[in-house]
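Hi everyone, thanks for making time this morning. Please bring up the sequence and the model on your screens, and I'll walk you through them.

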Amino acid sequence: MAQQEFDTTAFRNALGSFTTGVTIITATAPDGTPVGLTANSFNSVSLDPPMVLWSLAKTSLSVEAFNEAKHWNVHVLSQEQQDLSNTFASRGENKFAGIDLEEGLSDAPLIPDCSARFQCRNMVTHDGGDHLIYIGEVLNFDQQDLPPLVFQQGQYAMTARKPWEGVELSSEPKAPECSYNEDLLGYLLGRSHFQMLFRMRKVFDEQAHEDSHFFALSVLNIQANLSLEEINDYIEYTGHSLTDTDIEFLISQELIEKLDDETYQLTANGRETSLLHIAQAKAIEEELIRDLGQGDVMALKLLLKRLISKTDPGLPDLWKAKETAK
Ligand SMILES: Cc1cc2nc3c(=O)[nH]c(=O)nc-3n(C[C@H](O)[C@H](O)[C@H](O)COP(=O)(O)O)c2cc1C
């Protein structure tokens, strides 16, 4: 392809298909100033001896510092460090403000709470077009079980591991096309919901609670005082609704009480029961995190939040209303 036909934007977009982690590379300038930048050009080179590489734009303000530095540190960022990534992707000074740096093998700044860190000695620097390629020997490294931040097509992303062996995931409808199949999203969402809540349902059963009672206690836990109509507005999405009889039952169980003619609130007993439900839900979630891993659970939550927002038919926002509770 002739040089003038080369489409730089398309090239950049094509490179964006190569999904990467996100790192911050740090060093100390000869005058003692710490320097660092966000880089996703990091890659492994050799296992024995342990070597890694990354590349730096020649336009970077840190070029001189890195060219002089004998050591640099690579920090593989965790999901929680997106803000830090943005800070180090800016050209502003004082990127290290507020960071509790740790002592490393060299003078290069060592940032805490990363998924992995590689402390390196610069071995060789190569010219790489508009970038400089730094190859380093890894002198020390450490790793924590923190889900890594991911970068794809110019956007931060999350990883979800593919299903384990024996579980197929197909976007193709299986024949006959008109029948339900196990990859139908509605089925997967419904089944996972009911399976997750299976253990909670046992607690409700022991307390002779209907699902609608659980939903009512939950919304009254979030909002201090609501009328029957308002409670039903909030739980409408569940397909359940509360009747006057349900209200009488919850009052007789001393779970809710009348605040005035129209509105209800949780009693101390109701609050305790609701907290028990929350504790149960959290225990189920913690077990799931142990089984699936924090990263997959975070990715799942992100996708569910997107799905909830996309499918919202305009229901009242319980969480937003909390801030402006009467
Ligand atoms: C996800 C991501 C990856 C990046 N990767 C690189 C990289 O590998 N090399 C590079 O030179 N700049 C990279 N950048 C851009 C630099 O972080 C950015 O230009 C920064 O301002 C450079 O800081 P400095 O000029 O203070 O050194 C990346 C930015 C982001 C957001």
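Before we start, when I say two residues touch or are in contact, I mean that they have heavy atoms within 4.5 Å. This is a predicted model, in which local features need pLDDT of at least 70 and side-chain atom pairs count only at pLDDT 80 or more, while totals for chains, interfaces and linings use all residues. Residues are numbered from 1 along each chain as its sequence is written, and side-chain values use heavy atoms, with hydrogens and water left out.

Not counting residues up to four places away in sequence, Val297 touches Leu288, Ile289 and Leu292. Val297 sits in helix H10, residues 294-311; helices here are DSSP runs of H or I with at least four residues, strands are runs of E with at least two, and both are numbered from the N terminus. Is Val297 buried or exposed? Val297 is buried, because its relative accessible area is 5%; buried means under 20%, exposed over 50% and partly exposed in between, with a 1.4 Å probe and protein chains only. Val297 and Pro147 are 150 residues apart in sequence, and their C-alpha atoms are 10.0 Å apart in space.

Next, the ligand. Around it there are 17 residues, and the closest are Thr38, Ser41, Ala57, Ser60 and Ser62; a residue is near the ligand if one of its heavy atoms lies within 4 Å. By class, this shell has 8 nonpolar, 7 polar and 2 charged residues. Here Ala, Val, Leu, Ile, Met, Phe, Trp, Tyr, Cys and Pro count as nonpolar, Asp, Glu, Lys and Arg as charged, and the others, Gly among them, as polar.

Which atoms of Ser41 and the ligand lie 2.6 Å apart? They are a polar side-chain atom of Ser41 and an oxygen atom of the ligand. From the backbone, an N or O atom of Asn40 lies 3.0 Å from a ligand nitrogen, and an N or O atom of Ala89 lies 3.0 Å from a ligand oxygen. The protein covers 82% of the 640 Å² of accessible area that the ligand has on its own, with areas from the Shrake-Rupley method and a 1.4 Å probe; for residues, only the protein chains shown count as cover. Strand S3 (34-39) and strand S5 (51-57) are the elements that give two or more residues to the shell.

Now for the nonpolar cores. A nonpolar core is a set of buried Ala, Val, Leu, Ile, Met, Phe, Trp, Tyr and Cys residues joined through side-chain atoms within 4.5 Å. The largest one has 24 residues, and Val219, Ile231 and Ile256 touch the most other members. Which element gives the most to this core? That is H6, with 7 residues. Leaving aside neighbours within four places in sequence, Ile256 has contacts that include Leu217, Leu220, Ile247 and Tyr264. There is also a second, separate core of 23 residues, and among them are Val35, Phe42, Val76 and Leu132.

Some polar residues are tucked away too. Ser274, in helix H9 (residues 268-292), counts as buried because its relative accessibility is 3%. Its side chain makes a polar contact of 2.8 Å with the side chain of Asn221. A polar contact is a pair of N or O atoms within 3.5 Å; within protein, one must be able to donate a hydrogen and the other to accept it, and residues adjacent in sequence count only if both atoms are side-chain atoms. Asn122, in strand S7, is buried as well, at 17% relative accessibility. The side chain of Asn122 has polar contacts with the side chains of Trp72 at 2.8 Å and Thr125 at 3.1 Å.

Helix H1 (residues 8-15) lies largely in the open, because 0 of its 8 residues are buried. Asp7 caps the N-terminal end of H1, with a side-chain oxygen 3.1 Å from the backbone nitrogen of Thr9.

Last, some backbone details. Most residues other than glycine have a negative phi, and most peptide bonds are trans. In this model the peptide bond from Asp48 to Pro49 is cis, with omega near 0°, and Pro49 lies in the loop between strand S4 (43-46) and S5. Asp113 has a positive phi near 65° and counts as exposed at 52% relative accessibility. Gln153 also has a positive phi, about 50°, and is partly exposed at 44%.
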